[in-house]
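Hi everyone, thanks for coming.

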Amino acid sequence: EALHRVAERHLGPTADTRHSLGDGSVLAQLLTDGGFREVHVETVRGVARGIDGPTYARLNAMATVGMSPNAKTLAEAERATLTDRVVTDSLDVIRDFTRSGVFEFEIATNVATARV
């Protein structure tokens, strides 16, 4: 969320489609609507750690800029400059999530099981 707020300062409102099924009830409804039965969705949480923080900031910025409707209209060089600005501003957030020299953050995913 903190990195998304940084990106939106540069890009304007952006829907991060990488997390479009973050709501387990939406996933369950999609499966049910698709004809599955006995649908069960469980949210699994953990901590991602050991990822190089500055590399993560760059990858995240590249993905977010790539999804931004405002950035899609820019020339490649302008998009690269914008990405660099997002990365630079993201490094403060990365530092806030670095413990004992290791970048880490909580992550969650929905795991679904169902019958056909």
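Before we read along the chain, a quick word on terms: helices here are DSSP runs of at least four residues, strands are runs of at least two, and both are numbered from the N terminus. Keep in mind too that this is a predicted model.

Okay, the overall layout. There are four helices and three strands, and going along the sequence you get α-α-β-α-α-β-β. What does the C-alpha trace span along its principal axes? About 50 × 40 × 20 Å. The radius of gyration is 17 Å, while a compact globule of 116 residues would sit near 13 Å.

Now, two helices that meet. In general, you describe a packed pair by the angle between the axes and the distance between them. Here the pair is H1, residues 2-11, and H4, residues 76-96: their axes come within 9 Å and cross at roughly 145 degrees. That crossing is right-handed. On the H1 side, the contact residues include Leu-3, Val-6 and Leu-11, and on the H4 side they include Leu-82, Val-86 and Ile-94. Sorted by class, the contact has nine nonpolar, two polar and three charged residues.

Last stop, the largest pocket. Its volume is about 880 Å³. Which residues are closest to its centre? Out of 26 lining residues, those are Glu-1, His-19, Phe-105, Glu-106 and Ile-107. The elements giving two or more residues to the lining are H1, E1 (37-49), H3 (53-67), H4 and E3 (102-115). Strand E3 gives the most, with seven residues. As for class, the lining has twelve nonpolar, nine polar and five charged residues.

Notes:
Residues are numbered from 1 along each chain as its sequence is written. This is a predicted model: local features need pLDDT of at least 70, side-chain atom pairs count only at pLDDT 80 or more; totals for chains, interfaces and linings use all residues. Side-chain values use heavy atoms; hydrogens and water are left out. Axes are lines fitted to C-alpha atoms, for helices over the stretch in contact, and angles run from 0 to 180 degrees between N-to-C directions. A crossing is left-handed if the near helix is turned anticlockwise from the far one by less than a right angle, and right-handed if clockwise. Contact means heavy atoms within 4.5 Å. Ala, Val, Leu, Ile, Met, Phe, Trp, Tyr, Cys and Pro count as nonpolar, Asp, Glu, Lys and Arg as charged, and the others, Gly among them, as polar. On a 1 Å grid over the protein atoms alone, a cavity is a set of points where a 1.4 Å probe fits but cannot get out, and a pocket is an open set with protein on both sides within 12 Å along at least five of seven lines; lining residues have an atom within 4 Å of a point. Grid points are joined across faces, edges and corners, and a volume is the space filled by probe spheres set on the points. The radius of gyration is taken over C-alpha atoms; the globule rule is 2.2 Å times the number of residues to the power 0.38.
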